[in-house]
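Please read this briefing alongside the sequence and the 3D view below. The points are grouped by topic.

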Amino acid sequence: MIELVDPLRSGDRRALARLLTAVENERSGIDVALAELYPHTGHGWVIGLTGAPGTGKSSLVTELAKAYRKQGETVAILAVDPTSPFTGGAILGDRIRMRDLSGDKGVFIRSMATRGSLGGLARATRDAIRVLDAAGFDRILVETVGAGQSEVDIVRAAYTTVVIEAPGLGDDVQAIKAGILEIADVLVVNKADRPGVDSAVKALRTMLELGHPASREQLVTHHGKLVQSESLQPQHSQDIWIPPVVRTVATEGQGIDELLAAIEDHRHFLAEADRMKRLEAQHIQMELVDRVRDALVKQLFAGLPTSALDDIVRQVQSRAIDPQTAVNHLLAFRPVDVAK
Amino acid sequence: MTASGIRVLIAKPGLDGHDRGAKVIARALRDAGMEVIYTGLRQTPEMISEAALQEDVDIVGLSILSGAHMALVPRIRQEMDANGLNEVSIIVGGIIPDDDIQSLQEMGVAAVFGPGTSTEEIVTRINELMGARQA
């Protein structure tokens, strides 16, 4: 994999595509390549876009990409779609709506299946974003269906998160239930030419007036369950970013300028008062916790003979020990125990 | 290798606007555990080749009902070769006269599937192609 690093840095699209595959498949040697690429990351602005199916995410991403291209910026799109839990296969259809972008060498589109591996998706996405970043793209748009925790996790790798709604998808309680509003830096009501747009916008505004729980960085901390002594109450009102609500009709290109401006505003907000530095530090901390957790679990089970695991399962099943005691046994397990 | 991780691009080159067949195949391949990138209608050879490159697919499946296969397929193969995708197999489905099948195979098409082909047959052939590449 390491041999792909130099071609990637000099703009070889094939090398880029193959590195992305290596990231997805956790191919051997990818760690070394990623380590080599890491110093070249931190340049691209990562924008996460999420929303329920049918809200028009792909169309909106296409319009955003076109607008950035007009400004002379290069764009990478990472379109994440669910893997079927039954067959492990996936149909990745986002390119259908991105037809307008083909033929432009300043755009690179990659479809990615979630592959359902626990925690693996967040990691693969973060690494894929890094590969695209190191390839030098100015804007990295990560699109995902906002339907579960793993999707929300993906979005947390972004600097600016756009949550997309559409009229007629349910009342405001749905929006609250979905739990993705809390992660929004910018809210979009797409399909704004449809009936019900005013009530959708009003519902979102009301939600925001009820109090956006806290500023973004504190939310990240909160959801990442990293205990910090920082008060959740912001000291000054100007410390809080209130997500703007933007109306768009993606298929007509309407409202795209406003969306672009809202994303830029958020970028400027983060640029002030070290906010970006703090956000990035929190991203890194979350990622390290995730990775250490994965590594420890892997390490523990790698050293554990299946017979030992079967034995503990039997003990729990026969009510001899409870699950938490079993966990303590597992954590205390040393390979020598088997030899005895 | 198992089906998981096999990436297939399904594209409709040319002008015919009937993609039910392509969608049926896309679904069958997904059910066989493959990742299918579906690009939609009216794709040019350049678009197909570029999508195959970006998505780093193992197989490109073309659905052609318009009768223009003898013109389109060689251009797609050329574009793909120019992109360094020599190892990526092309399979073709659609309405292809028997006389053309051999010519297509000579152009480097790995398999041609006419009407009535079972989806199992296509899955099997793709697995064979992948197996041959692994060896």
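Of the 135 residues of chain B, 49% are buried (20 or more other C-beta atoms within 10 Å of the residue's own, against 12 or fewer for exposed and anything in between for partly exposed, with C-beta atoms placed from the backbone). This is a predicted model, in which local features need pLDDT of at least 70 and side-chain atom pairs count only at pLDDT 80 or more, while totals for chains, interfaces and linings use all residues. Residues are numbered from 1 along each chain as its sequence is written, and chains are lettered from A and ligands numbered from 1 in the order in which they are written.

**Chain B overall**

- Chain B has five helices and five strands, where helices (H or I, at least four residues) and strands (E, at least two) are DSSP runs numbered from the N terminus.
- Read from the N terminus, the order of elements in chain B is β-α-β-α-β-α-β-α-β-α.
- The radius of gyration of chain B, taken over C-alpha atoms, is 13 Å, close to the 14 Å of the globule rule (2.2 Å times the number of residues to the power 0.38) for 135 residues, so chain B is as compact as a globular protein of that length.
- Along the principal axes, the C-alpha atoms of chain B fill a box of roughly 35 × 35 × 25 Å.
- Of the contacts in chain B (C-beta atoms, placed from the backbone, within 7 Å) between residues at least 6 apart in sequence, 73% join residues at least 24 apart.

**The sheet**

- An open sheet of six strands has the order β3(A)-β2(B)-β1(B)-β3(B)-β4(B)-β5(B), with parallel pairing; two strands pair if DSSP finds at least two bridges between them.
- β3 (90-92) of chain A and β5 (109-113) of chain B are at the edges with a single partner strand each, so one side of each has no neighbour in the sheet.
- On average, neighbouring strands of the sheet are turned by 20° against each other, direction ignored.
- β1 (residues 7-11) of chain B runs parallel to β3 (residues 59-64) of chain B and is joined to it by four bridges; L9(B) has V60(B) as its bridge partner in β3(B).
- Four bridges also join β1(B) to β2(B), again parallel, and the partner of R7(B) in β2(B) is E35(B).
- Five of the five residues of β1(B) are buried, so this strand is largely enclosed by the rest of the structure.
- R7(B), L9(B) and A11(B) lie on one side of β1(B), and V8(B) and I10(B) on the other.

**Helices on the sheet**

- Helix α2 (residues 45-55) of chain B lies across β1, β2 (35-38) and β3 of chain B, at about 160° to β1(B); axes are lines fitted to C-alpha atoms, for helices over the stretch in contact, and angles run from 0 to 180 degrees between N-to-C directions.
- Helix α4 (residues 98-106) of chain B packs on the sheet, where it touches β4 (89-94) and β5 of chain B, and its direction makes about 155° with that of β5(B).

**Where the chains meet**

- In all, 26 residues of chain B are in contact with 25 residues of chain A.
- On the side of chain B that touches chain A, α1 (20-31), β2 and α2 of chain B each give two or more residues, and α2(B) gives the largest share, seven residues.
- Three bridges join β3(A) to β2(B), which run parallel; in β2(B), L92(A) has I37(B) as its bridge partner.

Terms used: Contact = placed C-beta atoms within 7 Å.
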